[in-house]
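Please look over the sequence and the 3D structure shown here before reading on. The text after them is a guided walk for a reader new to this structure.

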Amino acid sequence: MAAALALSERGRGRTAPNPNVGCIIVRDGRVIGRGWTQPGGRPHAEAVALAAATAAGVAGSTVYVTLEPCAHYSPRGPACADLLVAARPARVVIGVGDPDPRTAGKGVARLRAAGIAVSEGMAPAAARAAMAGFFTRQEHGRPHVTLKLATSLDGRIALASGESRWISGAQARAHAHLERARADAILVGRGTFAADAPSLDVRLPGLADRSPRRLLLSRTARVAGWETLAAPEEISGLAHVDQLLVEGGADTAAAFLRARLVDRLLLYRAPILIGAGRAALGDIGLASLADAHGRWRLADARMLGSDRLEVYAAA
């Protein structure tokens, strides 16, 4: 299942509105097929894995899939539950159930009705995390939002003059570009756009084609090649965006935090002090210090060169 979850990450930011599923087929202790959801959401992971295993034959095998196989009809392809029934594996192991009402429980029922053993919920937390965009869209009707902040030790994002290149080092910036490659869309505020004229592309070898859609948070500005939102709450109306990366600036970051629309926080901290510079955040709407506690849970921490990355999940 861990290997199937790793495969699912290959499709993150490219499969919306479908989930980025991973699938591995094992027979006699050997992997005979593997797949992940392809760009645009089709083919599904199970279809890719089954096609790869055709020569070996799937009958009697065990299929590991990160999400319950779909059971609903689509003009874009057959239901994965039906594909598995036709292939006749002995067992299907599922990471987490599908919250989509068109499938929820129906995929498992169809497999069991065909005499295929099913093990459910083998890695629900990890599977939900790997497919966070899909689950957030299904449960909250909006994309999963990651807020990125690159700051000095004293919480500044620029000198008082506005100079900000570069606070973080090369390794941290490369990691940030990888995060861009895993997002469906990336958003900045009007101030950041005016000050930096950011391209927001992915500048990593081999990943230039994974540059996300560009969004601008502004009530008035319109820029060719950019989509404009007047308020953070409008992200719910974005089509084919399940993973949204918010990169700044301070007012935009604060607006998303104030609206309680941030699910994940990436904090890159450089080992420098700036002093009287520009703060990373504006007013986030706290009425008291007590309101600040209990909102965030540390999910990961690592060093990227001389910079420290901390990843927080909304509690």
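Predicted model: local features only at pLDDT ≥ 70, side-chain atom pairs only at ≥ 80, totals over all residues.

Residues are numbered from 1 along each chain as its sequence is written, and side-chain values use heavy atoms, with hydrogens and water left out.

Begin with the sheet. Five strands form an open sheet in the order E2-E1-E3-E4-E5, and their pairing is mixed. Its edge strands are E2 (30-36) and E5 (117-119), each of which pairs on one side only. On average, neighbouring strands of this sheet are turned by 15 degrees against each other, direction ignored. Strands (E, at least two residues) and helices (H or I, at least four residues) are DSSP runs, numbered from the N terminus. Two strands pair if DSSP finds at least two bridges between them. Axes are lines fitted to C-alpha atoms, for helices over the stretch in contact, and angles run from 0 to 180 degrees between N-to-C directions.

Strands of a sheet pair through backbone hydrogen bonds, either parallel or antiparallel. E1 and E3 are antiparallel and pair over four bridges; here Ile24 stands opposite Tyr64 in E3. E3 (residues 62-67) and E4 (residues 91-96) run parallel and are joined by five bridges. Val63 has Val92 in E4 as its bridge partner, and Leu67 stands opposite Val96 in E4. Between E3 and E4 the chain passes through helix H3 (residues 80-87), making a right-handed β-α-β crossover. Right-handed means that, with the strands pointing away from the viewer, the path from the first strand over the helix to the second runs clockwise. Why is E3 largely enclosed by the rest of the structure? It is so because five of the six residues of E3 are buried, where buried means under 20% relative accessible area, exposed over 50%, and partly exposed in between (1.4 Å probe, protein chains only).

Helix H2 (residues 45-52) lies across E1 (22-27), E2 and E3, and runs at about 140 degrees to E2. The loop between H2 and E3 holds Ala56, which is partly exposed at a relative accessible area of 32%. Apart from its neighbours within four places in sequence, Ala56 is in contact (heavy atoms within 4.5 Å) with Arg27 and Ile32. Ala56 and Gly22 are 34 residues apart along the chain, and their C-alpha atoms are separated by 20 Å.

Now turn to the charged side chains. Side chains of opposite charge can pair when their charged atoms come close. A salt bridge is counted here when a side-chain nitrogen of Lys or Arg is within 4 Å of a carboxyl oxygen of Asp or Glu, and by this rule there are 18 salt bridges. Arg142 and Asp263 form one of them, with their closest N and O atoms 2.8 Å apart. This pair links distant parts of the chain, 121 residues apart: Arg142 is in the loop between helix H6 (132-140) and strand E6 (144-151), and Asp263 is in the loop between helix H9 (250-258) and strand E12 (264-269). Arg142 is buried at 11% relative accessibility, and Asp263 is buried at 16%.

Another salt bridge joins Arg308 and Glu310, whose closest N and O atoms are 2.8 Å apart. Arg308 is partly exposed, with a relative accessible area of 34%, whereas Glu310 is buried at 6%. Elsewhere, salt bridges that share partners join Glu9, Arg12, Glu179, Arg182 and Arg264 into one network. Within it, the side chains of Arg12 and Glu9 meet at 4.0 Å, N to O. Arg12 is buried at 8% relative accessible area, while Glu9 is partly exposed at 26%.

How many disulfides does a search of the whole structure find? There are zero disulfides, a disulfide being a pair of cysteine sulfur atoms within 2.5 Å. For Cys23, the closest cysteine sulfur is in Cys80, 8.3 Å away and too far for a bond. For Cys80, the closest cysteine sulfur is in Cys70, at 3.8 Å, again too far for a bond. Cys23 is buried with a relative accessible area of 1%, and Cys80 is buried at 1% relative accessibility.
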